[in-house]
Amino acid sequence: MSRSIAGDNPVSKLSLLAITWPIFVESALQMFLRTSDTFMLSKVSDGAVAAVGVANQIIMFAVLMFNFVALGSAVVISQYLGARRQHEIGRLAGSSLALNFLFGLVVSVIVMMLSGPLLRIFDLDPSLFGQAEKYLLVAGGALVIQALLTAVTAMIQSHGLTRQTMVVTIGMNVLNIFGNYLFIYGPGGFPKLGVVGVAISTAFAQCVGLAVNLVLLRKAAGVYIRWNDLFVWSREHIGKVLRVGVPSSAVSLSYSANQFVTTAFISSLGASVLATKIYTQNIMFFVMILAVSLGRGGQIIVGQLVGAGQREEAYKQVIRNLIRSELITLAAVAVLTLFRQPLMKLFTTDPDIIAMGAALLLLSFLLEPGRNFNVILERSLQAAGDARSAMIVSITVTWLFSVPLTYLLGIHWGYGLYGIWAAFIADEWLRGILLWVRWRSKAWQRKALVQLRSEEQAL
């Protein structure tokens, strides 16, 4: 996008592509933090992969909970930038960081204390249960760091500084891979800690990334947070953050809970089927993040357009985003499916797992365009301040349609993983169509969180 969005704001000088491609790389590398763990552990045993994969279902569920502050603050900051009210951002950022720290601390303690009961939901074999519990104790304890990292990254990106967060994430991945190598293979007598070492490595990389991003927030984004901002919260700012953040997080939590339940269904089908699901989704993560990245880039622009009062331009921008992102998604799926068997062989030598995973990757031609359609519209509604509508659609479809269909096709009628994948496809497309109807109605144009000073004076 070439036209000005918000005067002198950094994002106004960037195109959608310029904002989005670093988010794509950064998001891919965030996923790779977990995927590299899976890949390196796969050289040890499929059992270790299954243990970590199940534990990460719990970790990712917790991480999504932190987004209620990160998403909310990112949208509000974007609208403040569009309305040229930058002087209020420091206090907003301080309140948001403090809130996410407290929330992250509570979640960390809960996950550590309830690691055993949470893992028993998946009915793991005793050998896998022990490994998964050890991993979860360490990774769960580090969730407070993830909470802060998630919030700070979203704030920096809202200023259009997506390349900076990308570079930080590259550094985090290098640290994580090096740490995994040390703890898994134990060169030079270094202790081999297996799944525990993998969790320690990831936590250390996140700590370093958080420290660097805090410096960027101040130096590059120019957000000055006073100590007082961490303890004295503005009711107006927190209210706006929660108005977007709570419904947005509820969408993510609902989806993650759906995956949580689905994983429990798949676990009942056997360890090899569970490993197939994990390997296949790890490969398709790099297509999924295309939609997420374009949605996030569009969210930054839409938020600033809405804040600047340019709501009709925001409407047109989203339609353009949908067309571009669908074409990109289909192209990416085509590339991955072309190499589906070699990609599966990177993770395992089991012929049954490879065959089933390759077949599931072909179904991505139906699944991923639906996911992209859904994500772009969901993020756009959130950016406009209409997060509640997206929440209602997501939760209703997930629990009244998707979960029952998953059980019927995958378990009750015996179609296994293929049936579960069919339920995924139906879920994404139905949610996307309903969100499209909402966007076309333009009812979201009345939901702006921030207005230009001139508009407020007129009111």
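This is a predicted model: local features need pLDDT of at least 70, side-chain atom pairs count only at pLDDT 80 or more; totals for chains, interfaces and linings use all residues.

Student: Let us begin with α14. How many residues does it have, and how far does it reach?

Tutor: Helix α14 covers residues 351-362, which is 12 residues, and reaches 17 Å from its first C-alpha to its last, close to the 16 Å expected at 1.5 Å a residue. That expected span is 1.5 Å times one less than the number of residues. Helices here are DSSP runs (H or I, at least four residues), numbered from the N terminus.

Student: Which residues of α14 are buried?

Tutor: The buried ones are Ile 353, Ile 354, Gly 357, Ala 358, Leu 360 and Leu 361. Seen down the axis of α14, these buried residues fall within an arc of 160 degrees, so they line one face of the helix. The arc is taken over the directions from the helix axis to the C-beta atoms. Buried means under 20% relative accessible area, exposed over 50%, and partly exposed in between (1.4 Å probe, protein chains only).

Student: And which residues are exposed on the other side of α14?

Tutor: Pro 351 and Asp 352 are exposed there. Asp 352 also takes part at the start of the helix, where a side-chain oxygen of Asp 350 comes to within 2.9 Å of the backbone nitrogen of Asp 352.

Student: What do the buried residues of α14 pack against?

Tutor: They pack against α11 (271-307), α12 (311-338), α13 (340-345), α15 (364-383) and α17 (416-441). Thr 280, which lies in α11, touches Gly 357, Leu 360 and Leu 361, as well as Met 344 and Trp 421, not counting residues up to four places away in sequence. Contact means heavy atoms within 4.5 Å.

Student: Is Thr 280 buried or exposed?

Tutor: Thr 280 is buried, with a relative accessible area of 1%.

Student: Moving to α10, where is Ile 266, and what does Ile 266 touch?

Tutor: Ile 266 sits in helix α10 (residues 235-267) and is buried, at a relative accessible area of 0%. Leaving out residues up to four places away in sequence, Ile 266 touches Val 273, Leu 274, Lys 277, Leu 417 and Ile 420. Beyond its neighbours within four places in sequence, Thr 263 is in contact with Gln 57, Phe 122, Leu 274 and Lys 277.

Student: How many salt bridges does the structure hold?

Tutor: There are 8 salt bridges, each being a side-chain nitrogen of Lys or Arg within 4 Å of a carboxyl oxygen of Asp or Glu. One of them joins Lys 442 and Glu 312 (3.1 Å, N to O). Lys 442 lies in the loop between α17 and α18 (453-458) and Glu 312 in helix α12, so the pair ties together parts that are 130 residues apart in sequence. Lys 442 is partly exposed at 27% relative accessibility, and Glu 312 is partly exposed at 35%.

Student: What about Arg 431 and Glu 428?

Tutor: Their side chains meet in a salt bridge (3.4 Å, N to O). The two residues are 3 apart in helix α17, which means about one helical turn separates them. Arg 431 is buried, with a relative accessible area of 3%, and Glu 428 counts as buried at 3%. Salt bridges that share partners join Glu 368, Arg 371, Asp 427, Glu 428 and Arg 431 into one network.

Student: Lastly, the cores. How many residues has the largest nonpolar core?

Tutor: It has 57 residues, and those with the most contacts inside it are Leu 41, Tyr 135, Leu 143 and Ile 283. Helix α2 (residues 46-82) gives the most to this core, with 12 residues. A second, separate core of 32 residues includes Val 76, Ile 89, Leu 148 and Val 152. A nonpolar core is a set of buried Ala, Val, Leu, Ile, Met, Phe, Trp, Tyr and Cys residues joined through side-chain atoms within 4.5 Å.

Conventions
Residues are numbered from 1 along each chain as its sequence is written. Side-chain values use heavy atoms; hydrogens and water are left out. A polar contact is a pair of N or O atoms within 3.5 Å; within protein, one must be able to donate a hydrogen and the other to accept it, and residues adjacent in sequence count only if both atoms are side-chain atoms.
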